[in-house]
Amino acid sequence: MMRKNDYRKLALMGTLMIVLLAFQNYTGREKETFPEVRFITETSVPLNLTDFDPNELDAKQWEHLGFSEKQVATLLNYKKIVGGQFSSKAQFKKCYAVSPEKFAELESYLLLPETPKDNSSGKFKNYEKKEIIVSRKFNPDGFSAADWIKIGFSEKQAEAILKYKNYLGGSFASKEKFKECFIISSENYSKLEPYILLPSKTPDYFKNSTKNYAVKSNIQYRNFDPNTTDLEGWKALGFSERQAQTIVNYRDRNLGGSFKTPEDLQKCFVISTEKFQELKPYIKLNSDLNKKKEARQETDFSKMDLNSITFKQLMEFGLDERSAGSILGFRKKLGGFVNKQQIMDTYNIDKEIVQKLISTCQLNTSNVAKYSLTDAPEEWLNSHPYFKYSADKIIFYRTSNFDDAKIWKMLKLKPEYETRMKLYVK
């Protein structure tokens, strides 16, 4: 009898051991860990950023958008998890590698619906990937927008390619430079490469910098007045269209419409020292015209408030339309700037000119709305760039907590996010 009971005890103990091991194995599993992500705070958006479908980008193109290698790995992994492609902006925003700031930067360029839609939706159908088809050799320098569209690129992509060519000075110069165009994926480049009539390597004389005029030519210089020279006139002097436009903008916006001395011309950053020395003997300024322009009444920017400055005044100071629009758009969303650094952090601006602007102008913050977390209007929380990503939590927590300190603690925000939000908390 004792021997039978011993067997039963041993069997019971063995069963318990198996159950305990199985339970320990189940509860001890480590959750899958994602690569550590270090969010980028400074924008590195490519010069010709335009509308794009994130489902078409490869790893290199994500890096061109400012993501690190680890972030790119996380993005591509997340894309696989959600079924192989992003179905909406809302889904893309949820990716761990996309910070709120980065999403705000890219949101308006994403060729995705705001929320998931049926694949039969007419609008989203237009974003489907087109096949690139080319059957003969060609020189991309001679292609128009219509030519790029004809071989399979979208209208937006064609515009971006032409902008990139202009940025290079009007010529791709080599297959190497052509490949660097952000909008051309590795897959599409491999299809185009055998047909491109360009050298493989970039010539030594070619430098991708707007500070150097592209390819030197034998220009027959004549006397000219830089204050009356138009876009075509500057191009005739050997500048690319992009450089010519920069010179005209610099004269009309930064200098109030006229160069006072030849040396003022040299200060324009697209004119190299060598090029200025070539031009200098032929520069003939009309002093009477300068006196008339100097007599015009202009804005005294030292007395101007950055929270009330207008689009027209920003253009007068020297900013282009995109920079001026970005500053005013961001100011409107914030309800006003609280410090000047916020203006420098605005996306798509000419930082050199904006730095000069904030050094010149004043900043009056007396009319900027500020609230406590417990009394901030829901509409304000949901629309403010600094609060909208935490708005739901704030609204929920304050239903049972009436102390801002407790709510801040419950939000568990990154220090930099909390510091930024507190700029608008009274």
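Mentor: The largest nonpolar core in this predicted model has 41 residues. Trp62, Leu75, Phe92, Trp148 and Leu192 are the residues with the most contacts inside this core. Two or more residues each are given to this core by α3 (69–81), α5, α8 and α10. Helix α8 provides the largest share, with five residues. As a general background, nonpolar side chains in soluble globular proteins tend to be buried together.

Apart from its neighbours within four places in sequence, Trp148 is in contact with Phe138, Pro140, Phe143, Phe153, Ala158, Ile161, Leu162 and Phe178. Trp148 also belongs to one aromatic cluster, formed together with Phe138, Phe143, Phe153, Phe172, Phe178 and Tyr189.

Aromatic pairs number 22 in the structure. One of them joins Phe92 and Phe103 in a tilted arrangement, with 6.4 Å from centre to centre and 40° between the planes. This pair links distant parts of the chain, since Phe92 belongs to helix α4 (residues 89–93) and Phe103 to helix α5 (residues 100–106), 11 residues apart. Phe92 and Phe103 are both buried, and Phe92 is among the residues with the most contacts inside the largest core.

Two further rings are met by a lysine. The charged end of Lys102 sits over the ring of Phe67, at 5.4 Å from the ring centre. In the other case, the charged end of Lys275 sits over the ring of Phe239, and the distance to the ring centre is 5.2 Å.

A second, separate core comprises 39 residues, including Ile343, Val354, Ala376 and Phe387.

Several individual positions complete the picture, beginning with the loops. Ala173 is placed in the loop between α8 (155–167) and α9 (175–179). Its relative accessibility is 10%, so Ala173 counts as buried. The phi of Ala173 is positive, at about 70°, although this residue is not a glycine. Most residues other than glycine have a negative phi. Lys412 likewise has a positive phi, near 55°, in a residue other than glycine. The loop that holds Lys412 lies between α22 (404–411) and α23 (415–421). Is Lys412 buried or exposed? With a relative accessible area of 74%, Lys412 is exposed.

Asn227 is found in the loop between α10 (186–192) and α11 (231–236). Asn227 counts as buried because its relative accessibility is 5%, which is under the 20% cut-off for that class. From this position, the side chain of Asn227 reaches the backbone nitrogen of Phe259 at 2.5 Å.

Finally, Glu379 lies in helix α20 (residues 378–383). Its relative accessible area is 70%, and Glu379 is therefore exposed. Glu379 and Ala391 are 12 residues apart along the chain, and their C-alpha atoms are separated by 9.3 Å.

How values were computed
Residues numbered from 1 in each chain as written. Predicted model: local features only at pLDDT ≥ 70, side-chain atom pairs only at ≥ 80, totals over all residues. Heavy atoms only, no water. Phe/Tyr/Trp six-rings, centres within 6.5 Å; stacked < 30°, edge-to-face > 60°. Helix = DSSP H or I, 4+ residues; strand = E, 2+ residues; numbered from the N terminus. Buried < 20%, exposed > 50% of the residue type's maximum accessible area, 1.4 Å probe, protein only. Lys NZ or Arg CZ within 6 Å of the ring centre and 35° of its normal. Polar contact = N/O pair within 3.5 Å; in protein donor to acceptor, adjacent residues only side chain to side chain. Core = buried A, V, L, I, M, F, W, Y, C linked by side-chain atoms within 4.5 Å. Contact = heavy atoms within 4.5 Å.
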